[in-house]
Amino acid sequence: MAQSEGRRWRWRWRGKLEEVVEGEQAVSPRFRPPSCQRFQPLSFGLPESMGKCSLCFAFVVALLAALAGWLGSAPIPEARLFATLIPLANGYLPPPLFGAYARSPVPEVPDDLQPASRPAGEMFIQLPGGTAMPASGLGLCCRPTAYDDESVTRSVLWFLLKGGRHLDTAQMYLNHKAVGRGIALAMARGVPREEIFVTTKIPPRFYAGQAPAAAVAESLEELGLEYVDLLLLHHPYATAGFLGPCANGTAAECRVNAWTILSSFRARGVIKELGVSNFGVKAIEELQSLRLAPVAVNQIQYNPWALDWQQEVVDYCVNNGVGITAWAPFQGTMMQNAQAFTVETLTKIAAAKGKTVPQIMLRWALQKKVCVIPGTGNPSHMSENLAVYEFSLSDEEMALIDTLRTDPKVKNFVAMGFEKTE
């Protein structure tokens, strides 16, 4: 793993936030939350034990109220929340609050670096509209480098210059403009636009009325593109009231409205293919029954630990001409990834082939006719991920990996964002 060069922070004893400077012993304090012990308690006539931290409580309430107001002022409040929490959880100051990282964790792309050839043996998923979707792409979500503009631009440029061609973004990721800059820089160095497959998504809060049309126009403007290769409905509905709900109508009515409007954009060539994300079989069938644009792709969490009902969704899609993209080919959280990479079945196969466990997991998915979009800002990892076309797994090795679904440990690998709803 390349060492991070971004601005990172860590909480020290007693809530002291310090900047971590790689390669140096010194740390510089920035913020220390107020301590209850520094204030005279406001007892309001209550026993001292009850009023001791009333000022601290008031501070916390005010802070939470301010945070709620700040989040609510965003066009997509849940997106701003993710863009804040994910960097913070990984030791970075969140860009929505503090601006761009002082130093991007993603290495700068050399000025004289020219496009490499596309990977030999590259695989594709054929979509209903005749489009060939590159089977190994770059996910641009859910890590600290996905929310810093310079890091995103460098990641996109690195990936395209290394021969990768599939980019996966979304309105929820708040990085369309940075992705567009990376594409423009790659095109300026000779990467043809027609070779670049761009996927984006619109969230449930934009499924009603004419909001889907506005979302398409905004996405194209931010990306700096005349068309997108694949546009997905990001989720079938608001998740537990967290993802913003559709403004008018039931979730099913909103999906129908969005699909109807987006199908007209597909007919005009502004969207090449239409698809969904985190959808179950019933919701897919509802859209197929409209006889408008076919559902080209269902992007879901998928890996060797897929639960039975998840595998049933995959089987349905594969058997009905709906492509599958795995947004979590290594599992879910970073902790789960670490556990997955130590599974004996995978480590033995990797050792026998002289490959890494992540490469084995990606190749397993590809041979299942599933597209993979691992996310990374590390150029070395991009090269490793694109090298999965260089080898194959035997039928016996595929069968061994398939048995992981029956491992008792499977209960530890939970679904996140793709839950059973039918």
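Asparagine 278 is found in the loop between β10 (271–277) and α9 (281–288); helices (H or I, at least four residues) and strands (E, at least two) are DSSP runs numbered from the N terminus. This is a predicted model, in which local features need pLDDT of at least 70 and side-chain atom pairs count only at pLDDT 80 or more, while totals for chains, interfaces and linings use all residues. Residues are numbered from 1 along each chain as its sequence is written, and side-chain values use heavy atoms, with hydrogens and water left out.

Most residues other than glycine have a negative phi. Asparagine 278, however, has a positive phi, near 65°. Its relative accessibility is 9%, so asparagine 278 counts as buried (under 20% relative accessible area; exposed is over 50%, partly exposed in between, with a 1.4 Å probe and protein chains only). Leucine 174 also has a positive phi, near 60°. Leucine 174 lies in the loop between β7 (166–168) and α6 (176–188) and is partly exposed, at 46% relative accessible area.

With a relative accessible area of 2%, asparagine 303 is buried. The side chain of asparagine 303 reaches the backbone oxygen of alanine 328 at 3.1 Å.

Turning to the cysteines, how many disulfides does the model hold? The count is one disulfide, defined as a pair of cysteine sulfur atoms within 2.5 Å. Cysteine 141 and cysteine 142 form a disulfide, with their sulfur atoms 2.0 Å apart. Cysteine 317 is buried, at 0% relative accessible area, and cysteine 371 counts as buried at 0% relative accessibility.

Terms used:
A polar contact is a pair of N or O atoms within 3.5 Å; within protein, one must be able to donate a hydrogen and the other to accept it, and residues adjacent in sequence count only if both atoms are side-chain atoms.
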